[in-house]
Structures are given as structure tokens and as C-alpha cells.
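Please look through the structure below.

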Amino acid sequence: SAIFWKEALIAEVFSLNILCAAVLTYIMLRDMYEKQDARGFEPVFLISFLFGFFLGNHHTLLLMAPAVCCYLYFKLNGLRPAGVLKVLGTSAVFFVLGLSVYIFLPLRSMNDPLLDWEDPQTFERFWGVVARLRYGSLSLAMGESRGFNPAHIMESLVFYLNVLAKNYPYAGLAAFLAGYQLSTGGFTW
């Protein structure tokens, strides 16, 4: 789509974020389509580590969390509760290990670099950088949130649908449907 291509060409965090999402998706799909007996839980641990590590690039990768949770659900389905707890605990350790990339921020800040974004030497400043508090982490825009007014929600929905219609023309829809049919072996209406 036009948005995907535009963001892939910009020298910003978004092109790397797209790559990170694609790598996570590839590993999950590859593991799900292989025989369950052929692979253990190594891909689960790899996904956990990479998900934490890739969050160091941009926080919008959290939008992959539902996909990762679904992957974990299907991967752990059929295990005994003790086995599920063991795999989830190990996955949590790998996730935190991946998130440890953020430790670099206060360590580097202590050396007084020339460019020291937000000076994250205290916990409050460190959390401000990680949560992107100065530029609207939850609203994804600077300034105050407009709230959950039904008129604002409808306006945002119409805007979103217009963007989708503009960037995914009929050829894109046809390619999606053809890919879906090839990957699933046909439509079941």
C-alpha cells in the first residue's frame, strides 16, 4: 500500500518497526504451520525475547501483542497447567531480557553525552523516556486527548476508512483475497 511504502522509505523508526513486526509474524506463522511434534517451545522463547527487544525500537509494536497472545494460546493449548506455567514463566524471563535494552539509556546518560534525550538518570525521567510521556504516548499526538466523545470517534472512524480506501484499492483487495484463498485452500462461506 502507499502508506506502507512511504513509511518504509522514511529514515525514521517506522521502517525498522515494520521489519520487526514482519520478523515476529514470520516466526509465529512458520512455527504454527510446521508439525507440532517437530518443534518444541524454542520459538515461543524466541518470540518472547524478540518482542521485548523490538519494543526498544518503538512502542507501537505493542499492537502486535494480541497476535503474540493468540500464538501463545494456540501453542500452549493442550498442556497441563504446570507445563503452561513453566513455559509462560520462562517466556516472561526472555521478554524481560529483551526489554533490558532499555538499561542502556540511564547507563549512557551517566556519561553526560552531547545529546542526552530527557536525561534519564532518575527513575521518573527514565520512565518518561520509555513511556514517551512528553509527546502523548496514549493519544499518539501532542496535546490533550479529545476524549471518547461519540462524534470524535465517528470522525476518527470515517478518517480511518478513507485512509484504508485510498491505500488499498481494488487491486490490493484482489491480492489479499487471492493470498487468503491460496493460504487456506479456499473460502468457506
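**A pocket and its surroundings**

Helix α6 contributes four residues to the lining of the second largest pocket, the most of any element. The model is predicted, with local features needing pLDDT of at least 70 and side-chain atom pairs pLDDT 80 or more, while totals for chains, interfaces and linings use all residues. Residues are numbered from 1 along each chain as its sequence is written, and side-chain values use heavy atoms, leaving out hydrogens and water.

The volume of this pocket is about 470 Å³. Its lining has 24 residues, and G56, Y102, L105, W117 and V129 are the closest to the centre. Two or more lining residues come from each of α2 (13-33), α3 (42-54), α6 and α7. A pocket here is an open set of points on a 1 Å grid where a 1.4 Å probe fits, with protein on both sides within 12 Å along at least five of seven lines; lining residues have an atom within 4 Å of a point. Helices are DSSP runs (H or I) of at least four residues, numbered from the N terminus.

The loop between α6 (104-109) and α7 (123-130) holds D112, and D119 is also placed between α6 and α7. D112 is not a glycine, yet has a positive phi of about 50°; for D119, also not a glycine, phi is positive and near 50°. D112 is exposed at 60% relative accessible area, whereas D119 is partly exposed at 25%. Exposed means over 50%, buried under 20%, and partly exposed in between, with a 1.4 Å probe and protein chains only.

Further along, L161 lies in helix α8 (residues 150-167) and is partly exposed at 47%.

How values were computed. Points joined across faces, edges and corners; volume = space filled by probe spheres on them.
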